[in-house]
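Please read it with the sequence and the coordinates at hand.

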Amino acid sequence: MLLLKNSNEKIYYYKINVYQTLFGDYLIQREYGGINNNNPTNTIKCYAPSKKEALCKVLDIMVDKKQLGYLKVS
């Protein structure tokens, strides 16, 4: 999922991916930075024991980012 934000003539992105691991839990990987940068500013990884909990965490992240001005790109 890709979120974008336009601020002070710069465009920022926030990318969220969910992967199932070999052990059955789920990895939530978040990457963010400026769209013009070659490398991301930071990457954050966290784990959830079930798909339901992983999706709940993603929804919480999306609500927080929406309040900060990020918009979902389809």
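## Strand pairing

Strands E2 and E3 pair in the antiparallel sense over 9 bridges, where two strands count as paired if DSSP finds at least two bridges between them, and where helices (H or I, at least four residues) and strands (E, at least two) are DSSP runs numbered from the N terminus. This is a predicted model, in which local features need pLDDT of at least 70 and side-chain atom pairs count only at pLDDT 80 or more, while totals for chains, interfaces and linings use all residues. Residues are numbered from 1 along each chain as its sequence is written, and side-chain values use heavy atoms, with hydrogens and water left out. Within the E2 and E3 pairing, isoleucine 16 stands opposite arginine 30 in E3, and the hairpin that these strands form has 5 residues between them, with glycine 24 taking a positive phi near 95°.

On the E4 side, 7 bridges join E3 to strand E4 (residues 42–48), the two running antiparallel, and the bridge partner of tyrosine 26 in E4 is alanine 48. Strand E1 (residues 2–7) pairs with E2 in the antiparallel sense over 6 bridges, with lysine 5 opposite tyrosine 12 in E2. The hairpin of E1 and E2 has 2 residues between the strands, and asparagine 8 in the turn has a positive phi of about 50°. E1 also pairs with E5 in the antiparallel sense, over 3 bridges, and there leucine 2 stands opposite valine 73 in E5.

The largest nonpolar core has 10 residues in all, namely Leu3, Tyr14, Ile16, Tyr26, Ile28, Ala48, Ala54, Val58, Ile61 and Tyr70, a nonpolar core being a set of buried Ala, Val, Leu, Ile, Met, Phe, Trp, Tyr and Cys residues joined through side-chain atoms within 4.5 Å. The elements that give two or more residues to this core are strand E2 (10–20), E3 and H1, and H1 gives the most to it, with 3 residues. Leucine 3, one of the core residues, is in contact (heavy atoms within 4.5 Å) with Tyr12, Tyr13, Tyr14, Ile16, Lys65, Tyr70, Leu71 and Lys72, leaving aside its neighbours within four places in sequence.

## Aromatic pairs

The structure holds 2 aromatic pairs; rings of Phe, Tyr and Trp (its six-membered ring) pair if their centres lie within 6.5 Å, and planes under 30 degrees apart count as stacked, over 60 as edge-to-face and the rest as tilted. Tyrosine 14 and tyrosine 32 form a stacked pair, with 5.6 Å centre to centre and 5° between the planes. Because tyrosine 14 lies in strand E2 and tyrosine 32 in strand E3, this pair ties together parts that are 18 residues apart in sequence. Tyrosine 14 is buried, with a relative accessible area of 3%, whereas tyrosine 32 is partly exposed at 25%.

Tyrosine 14 and tyrosine 70 form an edge-to-face pair, at 5.9 Å centre to centre and 65° between the planes. Tyrosine 70 lies in the loop between H1 and strand E5 (71–73) and tyrosine 14 in strand E2, so the pair ties together parts that are 56 residues apart in sequence. Tyr14, Tyr32 and Tyr70 form one aromatic cluster.

## Two glutamates

Glutamate 31 is found in strand E3 (residues 26–34) and is buried, with a relative accessible area of 18%. Its side chain is joined to that of tyrosine 13 by a polar contact of 3.4 Å; a polar contact is a pair of N or O atoms within 3.5 Å, where, within protein, one must be able to donate a hydrogen and the other to accept it, and residues adjacent in sequence count only if both atoms are side-chain atoms. Not counting residues up to four places away in sequence, glutamate 31 touches Tyr13, Tyr14, Lys15, Pro40, Asn42 and Thr43.

Glutamate 53, in contrast, is found in helix H1 (residues 51–67) and counts as partly exposed at 40% relative accessibility.

## Cysteines

With a disulfide taken as a pair of cysteine sulfur atoms within 2.5 Å, the count comes to 0 disulfides. The sulfur of cysteine 46 is 13 Å from the closest cysteine sulfur, in cysteine 56, too far for a bond. Cysteine 46 counts as partly exposed at 22% relative accessibility, and cysteine 56 counts as partly exposed at 38%.

Notes
Buried < 20%, exposed > 50% of the residue type's maximum accessible area, 1.4 Å probe, protein only.
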